[in-house]
Amino acid sequence: MTLCNMNSFRQLFVLSVKNPVLQFTVSRQLSRYLPTVISPLSRPLDQSYPNHQCRCPVYSNLQSRSFITRLREKLLYGRGKLKYSKKHLMVSGTNLYFLYRKQINSIDLMEEIGLPDTFNSWYLVAELHVWMIMYRLAKEGEEGRHSRNGLVKAMWSDVDVRSRNIKEHGMAGRKNALYKLNDHFYTALLTYEEGIMGTDKDLASAVWNMLYSKKDIDPEKLSQCVGYIRKQIKYLEEENSSSHILGSGMIKLLPFQEQ
């Protein structure tokens, strides 16, 4: 996908949130590259937003698999059965999110990378780490997709709970803010994917756009973020086996600054 097409799709994703016709067009176009999953924000735990039906892009080309590929997977696990049940994989994905929360101190990380101590900064840090784990899960095929759904659902449930502590703007303002975060999530997934597949300059541009919101920052901190993402992705791929991630719902992450 060229940079021009990527930018066009990114713009269409933002517009498609409130336009059913564009939702259909975008889903048809992106099905060649990225499958979709109903965002957990459309069905939060308290059902506060039943009318918010949006889709978010992910990173494994599951929907466009050939018939032979799907048949091979069915034969591999015996009559179409997964190695782990869907419920098990959803729980594993939920556990992955809370292990990220346990291993990464968001407040310390925000200070290290130069972000203010705000709810929005916390969300941007969580969004980045969830994307990195999703990138790893994309290598696990159909089972990774189910585990990814649990991961993303856990993140949005956490966002929903935390946002309730912000009472300045009332219910309407909170709802609008969550819509904007949801839109940001779609764009971030595409932007980070584009960055990780390119050079360090491409990744730095993605980080500056999505994590720092195009604000003036210390170039050294931006360089450190790029190095952190590269090493974290490599570590997730090399040191976290499928049996640990899918079977046990366990994951190990590197700190921002290694001791």
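Trainee: How many helices and strands does the protein have?

Mentor: This is a predicted model, in which local features need pLDDT of at least 70 and side-chain atom pairs count only at pLDDT 80 or more, while totals for chains, interfaces and linings use all residues. Residues are numbered from 1 along each chain as its sequence is written, and side-chain values use heavy atoms, with hydrogens and water left out. Helices (H or I, at least four residues) and strands (E, at least two) are DSSP runs, numbered from the N terminus. The protein has eleven helices and two strands, and from the N terminus on the order of its elements is α-α-β-β-α-α-α-α-α-α-α-α-α.

Trainee: What share of the residues of the protein count as buried?

Mentor: Buried means under 20% relative accessible area, exposed over 50%, and partly exposed in between, with a 1.4 Å probe and protein chains only. Of the 259 residues, 45% count as buried.

Trainee: Which residues touch the most other members of the largest nonpolar core?

Mentor: A nonpolar core is a set of buried Ala, Val, Leu, Ile, Met, Phe, Trp, Tyr and Cys residues joined through side-chain atoms within 4.5 Å. The largest one here has 56 residues, and those touching the most other members are I113, Y123, W131, Y192, V207, L211 and I229. Among the helices that each supply at least two residues of this core are α4 (86-103), α6 (119-137), α7 (141-163) and α8 (170-196), and α6 gives the most, with 13 residues.

Trainee: Leaving aside neighbours within four places in sequence, which residues is Y123 in contact with?

Mentor: Contact means heavy atoms within 4.5 Å. By that criterion Y123 is in contact with M155, W156, V159, L181, H184 and F185, once those sequence neighbours are set aside.

Trainee: At what angle do α6 and α7 pack?

Mentor: Two packed helices are described by the angle between their axes and the distance between the axes. Axes are lines fitted to C-alpha atoms, for helices over the stretch in contact, and angles run from 0 to 180 degrees between N-to-C directions. Angles under 35 degrees count as roughly parallel, over 145 as roughly antiparallel, 65 to 115 as roughly perpendicular and the rest as oblique. For α6 and α7 the angle is about 170°, with the axes 10 Å apart, and the two helices are therefore roughly antiparallel to each other. Residues making this contact include W122, Y123 and V130 of α6, and L151, M155 and W156 of α7.

Trainee: How do the axes of α4 and α7 cross?

Mentor: The axes of α4 and α7 come within 7 Å and cross at roughly 50°, so these helices are oblique to each other. Residues of the contact include L89, G93 and Y97 of α4, and H146, G150 and A154 of α7.

Trainee: Where is S213, and what is its phi?

Mentor: S213 lies in the loop between α9 and α10, and its phi is near 55°, a positive value in a residue other than glycine. K214 is also placed in the loop between α9 and α10, with phi near 65°, again positive in a residue other than glycine. S213 counts as partly exposed because its relative accessibility is 35%, whereas K214 is exposed, with a relative accessible area of 52%.

Trainee: Which residues does Q257 touch, not counting residues up to four places away in sequence?

Mentor: Q257, found in the segment after α11, touches E112 and Q224 on that count. At 38% relative accessibility, Q257 counts as partly exposed.
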